[in-house]
Amino acid sequence: MKNSLLFDFIVDKTTKTIFVNREFAADLSLVWDAFTKQEILDQWWAPKPWVSKTKFMNFKVGGRRFYAMVSPEGQESWSIQKFTSISPTTNFKILSSFADKDENINTEWPSSEWDLSFSEQNGTTKASITIKHKDLATLEKYIEMGFQGGFTMTLKYLEQLLITLK
Amino acid sequence: MKIRRDVFQAIADPTRRAILLLIAAQSMTPNAVAEEFHTSRQAVSKHIQILTECELVKQEQKGREIYYHINANKMKEIDKWIEQFKTILETQFNQLDRVLLTLKKNMK
């Protein structure tokens with residue numbers, strides 16, 4: 001795995017917006033599939049040892065993805081992503097909200113707007129992601145969803161995988 | 001009212017952000033802060049109270065005056081949350097790298 005691939009992470013606190021640029025060593029159509037097909041999304045969306053479990057995903061404008069992050073103890077944190085705009089293989093937009101297991105949106109935490117753009121150059125695909133929060137406190141909820149404690153385990157898992165991949 | 005969380009609630013309000021900017025530049029008395037705003041003194045005082053409860057602002061008695069100054073350590077908490085979010089994304093993308101690699105192998 002190459003470490004030379006770009007990863008930018010810029011936060012503008014005044015507009016509560018996070019800008020992320022990340023390159024992937026794959027062509028555009030593959031990266032697009034990885035972000036828009038539920039069976040691939042579930043393979044990487046949750047930081048291990050958490051698991052992403054998509055109950056349904058209707059990838060069309062106005063459609064939704066209803067999914068949970070499942071902790072090793074089996075605790076489920078549900079979210080709903082509504083697809084607000086789709087321009088195949090170059091851009092799509094999401095309105096992301098926290099929810100309960102019955103698909104009710106959790107109104108205590110404001111939704112965030114995700115804008116995802118993709119472009120390819122020489123076999124490398126760059127994803128440019130803008131995440132706009134009504135309130136940066138939403139970040140706390142993301143972290144609360146269980147990732148914090150799992151990070152050391154994640155690193156160990158990564159190490160193991162890197163060894164097997166070599 | 002339950003004093004819910006922390007720094008995020010404090011900075012969610014534009015007036016409170018303005019107050020923080022003001023006293024970040026220099027310690028100020030309650031009157032001096034209030035004079036910078038068009039809203040009522042009580043409203044400003046309420047904002048300062050919230051900032052104090054969130055520990056973003058500290059009070060200091062100097063002679064007969066109270067001065068407000070910023071608690072820089074607490075401000076760093078915001079950066080900490082952002083940093084953790086960055087770590088999560090980084091982890092997700094590292095996982096995606098591996099998934100892409102597998103997908104490419106399977107296509108051959």
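Q: Where in chain A is confidence lowest, and where is it highest?
A: The model is predicted, and pLDDT gives the predictor's confidence in each residue. For chain A the mean pLDDT is 82, with 80% of residues at 70 or more. The lowest mean, 44, belongs to helix α4 (residues 147-165) of chain A, and the highest, 95, to strand β7 (residues 112-121) of chain A. Across residues 146-159 of chain A the pLDDT is below 50, and this stretch has 20 contacts in the model beyond near neighbours in sequence.

Q: How many helices and strands are there in chain A?
A: Chain A has four helices and eight strands. Along the sequence their pattern is β-β-α-α-β-β-β-β-β-β-α-α.

Q: In what order do the eight strands form the sheet?
A: Strands of a sheet pair through backbone hydrogen bonds, in either the parallel or the antiparallel sense. In chain A the eight strands make an open sheet with antiparallel pairing, ordered β1-β2-β8-β7-β6-β5-β4-β3. Strands β1 and β3 (51-57) of chain A are its edges, each pairing on one side only. On average, neighbouring strands of this sheet are turned by 20° against each other, direction ignored.

Q: How many residues lie between β1(A) and β2(A) in their hairpin?
A: Four residues lie between β1(A) and β2(A), and A:Lys16 in the turn has a positive phi of about 55°. Strand β1 (residues 7-12) and strand β2 (residues 17-24) of chain A are antiparallel over six bridges. A:Phe7 has A:Arg22 in β2(A) as its bridge partner.

Q: Which strand does β2(A) pair with over eight bridges?
A: That partner is strand β8 (residues 124-133) of chain A, in the antiparallel sense. Here A:Glu23 stands opposite A:Lys126 in β8(A).

Q: What joins β3(A) to β4(A)?
A: Six bridges join β3(A) to strand β4 (residues 64-70) of chain A, and the two run antiparallel. One pair of bridge partners is A:Val51 and A:Val70, the latter in β4(A).

Q: Which strands does helix α1 of chain A lie across?
A: Helix α1 (residues 28-36) of chain A lies across β2, β6 (91-99), β7 and β8 of chain A, and runs at about 160° to β7(A).

Q: What share of the residues in chain A is buried?
A: A residue counts as buried if 20 or more other C-beta atoms lie within 10 Å of its own. Of the 166 residues in chain A, 30% are buried. As for contacts between residues at least 6 apart in sequence, 41% of those in chain A join residues at least 24 apart.

How values were computed:
Residues are numbered from 1 along each chain as its sequence is written. Chains are lettered from A and ligands numbered from 1 in the order in which they are written. This is a predicted model: local features need pLDDT of at least 70, side-chain atom pairs count only at pLDDT 80 or more; totals for chains, interfaces and linings use all residues. pLDDT is the predictor's confidence in each residue, from 0 to 100. Two residues are in contact if their C-beta atoms, placed from the backbone, lie within 7 Å. Two strands pair if DSSP finds at least two bridges between them. A residue is buried if 20 or more other C-beta atoms lie within 10 Å of its own, exposed if 12 or fewer, and partly exposed in between; C-beta atoms are placed from the backbone. Axes are lines fitted to C-alpha atoms, for helices over the stretch in contact, and angles run from 0 to 180 degrees between N-to-C directions.
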